[in-house]
Structures are given as structure tokens and as C-alpha cells.
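Visitor: I am new to this structure. Can you walk me through how to read it, feature by feature?

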Amino acid sequence: MTPTSAATPVIPPVLAEVVRSGFVEGRHRGSLVLLGADGEVELALGDVTAPVFPRSTNKPMQAAAVLRAGLELSGERLALAAASHSGETFHRDLVQKMLAEHGLTAAELQCPPDLPLDPVEAETYLAAGAVRDRVTMNCSGKHTAMLAVCDVNGWSKETYLDPGHPLQRLVHEVIEEAAGEPVTAVGTDGCGAPLMAISLTGLARAYRHFVLAAPGTAERRVADAMRAHPEYVAGTRRPDTWLMRELPGTLSKMGAEAVQAVALPDGRALAFKIDDGATRVLGPVLARALTRAGVTAPVLDRLTEAPLLGGGVRVGEIRATL
């Protein structure tokens, strides 16, 4: 019996290849969706309707839930609540300030102790004799905001990461509204927070929803804070920061396991995931996808740059193939 098309698994296409000394030594497969300004799918590579764990690309929705629940945040503080920050000094300092402002302590954070996400910052941090810390963990801004809103509402702070907690039920609701589809699975993210699965198409729709939301809504407030303070969303040496700084009005957020979501101010949006989780290909694939979306800007050249070294000199590159 011949299997139906619905039962036939989609083999993800190669989105990037690794070229060393002119020899293709590796390939990275994945799925990618591109929405036009009208919200319709203009390009679909791989299975863009299957559920994925968006990882930290869910953070804008989590931050919007915190606002809806009554926490007053704006500016850098709101950007940090939606961040996968690099652990630079200004990130750590603001997390500490936010904790103090809400009468909280770092010991109440339930994200795991970690080193700075940025490797340059991690070297400086370790050289100064510092050790893994909850504040340094890239999700500490989000966890601080979650704890603070629990305090505002009289909700349990001890169980704020439980999927059945009022805050996490609200996050679930915000994600489904923004994505325009139901959450199909709930897992646990690297920071310990509940992780809601949606499709790549739903993820792109969610980012489009945030940039087109009416001013003053929780979604628009999050998008505006992230775009105004991208260094707090990522860091001084991160592609999301470069993109939001150099393409005004763009909302961009990466996630672990090589997930990326972007929305342009006119409603064009994209989302992709590299199957093997290789974050080294995010920049080249993102640059090519934005080019396919009609974007032209010098920052795309910066994103594309992914050299391979041999003996300390450039001998190849990671290049997008879509």
C-alpha cells in the first residue's frame, strides 16, 4: 500500500553548507517560512506546519504575558524581560536593579547558575574570578519579571515555573493568540520555564502580530522596547542587536537549537529552525532569507560573514543555500 502524502515525512532541505578549502565538508538541513506583508506564505522550505519548540523566540510572548498580568515595565527593563542577554556588565547590573526594585533576591530566581552567553564576556568574567551565577544566566531578566508579576498578583513565587501556574497559563494563552494556532506540546526550556510548541508558520505569524499590534497593547509595548533597546535583548556583539539597530522597526530574536524569528515593520516575517541545532549557521541563513524577502542593507553582509579557519587563517566559510 502506497503511503499517503500526509503520512510521508518531509525531508528538510539543506539550508547551509560548510565549505573548507573548496570542499563541502558538511551540510545543515532545516525548515524555513517567509510571510509576505499580507501575512500569506510566500516561501516554505521543509515542513513549516509541524510543531517545534521555539526556545527563546517565545520570550516576547512571555514578556507580553507579564505586562497583561499587571507588571509595569518599560524601556530597557522590558527589553531585558524579553532577552537572551549576553551576560555583559550592564545586563547583570540591570537585573540586580530590577530585583531590588521589586524586593526580590537573586536566590529566588529559579533559572540555573551560568556563565555569560557571550564568549568574549565569559573570558573576562572568569578572568576576574567570578563563578556561575543565576543573575548571569541569559534568561535572568525574564525570570526577574516573572517573579515580580507574581508578587504584584499575590501568586506563588515558589511555583512560578509550573505549567499550571496562573502566569504560565497566561503565557500559553498569549502564544496561541499571537501564533493563531494551538500549542501542541509543553516541555521545559533550558532555563526551567515551560516551553510551548507551535509551528514555524505560527512563530512567524506571532512576530508579525507583535510589530503590527496597536500602540499601547502589551504586544506592541514589548516589540517597541526590544527595537529601541536591542543591546538589552541580546548584547553588543550579537546579530539580533545588529539587525534591530541597522534595520529600524525590525523585531528579531534567536533561540537555542538554531531557531530564529524576524518581523519587518510592514508585516513581512520569517521563522526557521536548523534541524541539528547548529547556531553557527544562523547568520548566513538569516541574511539569505531576508534577501529573499526583498531586504537590502549593509547589515546583511555582516550577518553573512561566517568564516572557517585553518591554522589561524581563513580557509572557507559557512554559506546559505536557500
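Predicted model: local features only at pLDDT ≥ 70, side-chain atom pairs only at ≥ 80, totals over all residues.

Visitor: How many bridges join strand 4 to strand 6?

Guide: Strand 4 and strand 6 (residues 194-199) run antiparallel and are joined by 2 bridges. Look at the partners. Val52 has Ile198 as its bridge partner in strand 6. Pro51 stands opposite Ser199 of strand 6.

Visitor: And how many bridges pair strand 5 with strand 6?

Guide: There are 4 bridges, again in the antiparallel sense. Val186 stands opposite Met196 in strand 6. Strand 5 and strand 6 also form a hairpin, with 5 residues between them. Check the turn for a positive phi: Gly192 has one, of about 100 degrees.

Visitor: Is strand 6 largely enclosed or open, and why?

Guide: Count the buried residues. In strand 6, 6 of the 6 residues are buried, so the strand is largely enclosed by the rest of the structure. Then look at each face. Pro194, Met196 and Ile198 are buried on one side. Leu195, Ala197 and Ser199 are buried on the other.

Visitor: Now a helix. Which residues of helix 4 are buried?

Guide: Helix 4 covers residues 119-127, and its buried residues are Glu121, Ala122 and Tyr125. These three cover an arc of only 100 degrees around the axis, so they sit on the same side of helix 4.

Visitor: What does the buried side of helix 4 pack against?

Guide: The buried residues of helix 4 pack against helix 3 (89-101). Now turn to the face away from that buried side. That face of helix 4 carries the exposed residues Pro119, Glu123 and Ala127.

Visitor: Which residue caps the N-terminal end of helix 4?

Guide: Look for a side chain that reaches a backbone atom at the helix end. Asp118 is the cap here. A side-chain oxygen of Asp118 lies 3.0 Å from the backbone nitrogen of Val120. At the other end, Gly129 follows helix 4, and its phi is positive, near 90 degrees.

Visitor: Next, the cysteines. How many disulfides does a search of the whole structure find?

Guide: The search finds 0 disulfides. Take Cys139, which is in no disulfide. The nearest cysteine sulfur is that of Cys191, 4.0 Å away.

Visitor: Where does strand 11 find its partners?

Guide: Take one partner at a time. Strand 11 (residues 313-320) is joined by 5 bridges to strand 1 (residues 14-20), and the two run antiparallel. Val18 has Ile318 as its bridge partner in strand 11. Strand 10 (residues 307-310) pairs with strand 11 over 4 bridges, in the antiparallel sense. Pro307 stands opposite Glu317 of strand 11.

Visitor: How many residues lie between strand 10 and strand 11?

Guide: This hairpin has 2 residues between its strands. Gly311 in the turn has a positive phi of about 65 degrees.

Visitor: Last, the loop. Where is Leu264 found?

Guide: Leu264 is in the loop between strand 8 (259-263) and strand 9 (269-274). Leu264 counts as buried, at 5% relative accessibility.

Visitor: Which residues does Leu264 touch, beyond those up to four places away in sequence?

Guide: Leu264 touches Val211, Gly249, Thr250, Leu290 and Val295. Compare sequence with space for one of them. Leu264 and Val295 are 31 residues apart in sequence, and 9.4 Å apart in space from C-alpha to C-alpha.

Conventions
Residues numbered from 1 in each chain as written. Heavy atoms only, no water. Pairing = 2+ DSSP bridges. Buried < 20%, exposed > 50% of the residue type's maximum accessible area, 1.4 Å probe, protein only. Arc of directions from axis to C-beta. Contact = heavy atoms within 4.5 Å. Polar contact = N/O pair within 3.5 Å; in protein donor to acceptor, adjacent residues only side chain to side chain. Disulfide = S-S within 2.5 Å.
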